[in-house]
Amino acid sequence: MVSLLCFLLALFASPFKSKSRLEAENAALRHQLTILRRKVRGRVQLTSGDRLFLIQLYRWFPSVLRAITIVQPETLVRWHRAGFRQYWRWKSRCLGGRPQIDADLRALIRRMSVDNPLWGAPRIHGELLKLGFEVAQSSVAKYMVNRAGTPSQGWPTFLRNHAPNIAAMDLFVVPTIGFDCSTPSSSSA
């Protein structure tokens with residue numbers, strides 16, 4: 001009796017539904033009938049195509065959940081969420097490339113570059129090779145700590161540090177016609 005009353009209410013409400021929503025409900029009901037016709041012994045066997053169809057129908061028309069009776073609406077929503085998770089897992093998969101290096105080795109590279117600010121990537125790479133780590137120099141450069149300036153001193157700093165110890169002399173030498181080397185001051189006298 002209750003189901004008859006629900007049927008009559010649905011029949012009276014159908015003219016007020018949108019045409020696309022009615023078509024979606026009809027498609028869902030037809031598909032359920034197709035599934036029930038191919039039922040083998042006792043239990044309904046859903047194929048992956050059936051699940052995909054119902055999920056896509058639910059995605060376009062969420063109100064179709066009321067028309068689906070073969071599976072529980074929670075099951076359909078669970079399938080939809082599982083498909084969403086699988087899609088994004090597939091989308092964010094690793095596509096190959098250079099293999100990642102261990103977190104311990106990355107920490108070691110960072111620590112070596114912080115402790116030795118004048119060392120560049122080639123020096124750290126050489127030290128790591130001596131320690132037995134097989135890693136590319138470009139990987140070492142990638143995981144080093146970024147610095148604002150150059151790691152070594154420039155010429156102005158070198159000259160400022162060593163100016164008191166620099167001796168300047170004139171080594172101007174003039175060879176003569178007889179291939180004797182003499183300084184200009186001694187030849188003019």
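Predicted model: local features only at pLDDT ≥ 70, side-chain atom pairs only at ≥ 80, totals over all residues.
**Exercise 1.** Work out which helix gives the largest share of the lining of the second largest pocket, and how the lining residues divide by class.

*Solution.* Begin with the residues that line this pocket, which are Arg51, Leu52, Ile55, Gln56, Arg59, Trp79, His80, Ala82, Gly83, Phe84 and Gln86. The largest share, 6 residues, comes from α4. Sorted by class, the lining holds 5 nonpolar, 4 polar and 2 charged residues, and the pocket that they surround has a volume of about 210 Å³.

**Exercise 2.** Determine how α3 and α4 are oriented relative to each other, and which residues make their contact.

*Solution.* First take the geometry: the axes of α3 and α4 lie 10 Å apart, and the helices pack at an angle of about 95°. Because angles of 65 to 115 degrees count as roughly perpendicular, α3 is roughly perpendicular to α4. Next come the residues: α3 contributes Arg51, Leu54, Ile55, Tyr58 and Arg59 to the contact, while α4 contributes Leu76, Val77, Trp79 and His80. By class, this contact comprises 6 nonpolar, 1 polar and 2 charged residues.

**Exercise 3.** Describe the packing of α5 (residues 103-115) and α6 (residues 121-131), covering angle, handedness and contact residues.

*Solution.* The axes of these two helices come within 11 Å and cross at roughly 130°. An angle of that size falls between the ranges for roughly perpendicular, 65 to 115, and roughly antiparallel, over 145, and therefore α5 is oblique to α6. As for handedness, α5 passes α6 in a right-handed crossing. The contact involves Leu105, Leu108, Ile109, Met112 and Ser113 on the α5 side, and Ile124, Glu127 and Leu128 on the α6 side. Sorting these residues by class gives 6 nonpolar, 1 polar and 1 charged.

Terms used. Residues numbered from 1 in each chain as written. Heavy atoms only, no water. Axes fitted to C-alpha atoms, helices over the stretch in contact; angles between N-to-C directions. Helix = DSSP H or I, 4+ residues; strand = E, 2+ residues; numbered from the N terminus. Parallel < 35°, antiparallel > 145°, perpendicular 65-115°, else oblique. Left-handed = near helix turned anticlockwise from the far one by under 90°. Contact = heavy atoms within 4.5 Å. Nonpolar A, V, L, I, M, F, W, Y, C, P; charged D, E, K, R; others polar. 1 Å grid on protein atoms, 1.4 Å probe; cavity = no way out; pocket = protein on both sides within 12 Å on 5 of 7 lines; lining within 4 Å. Points joined across faces, edges and corners; volume = space filled by probe spheres on them.
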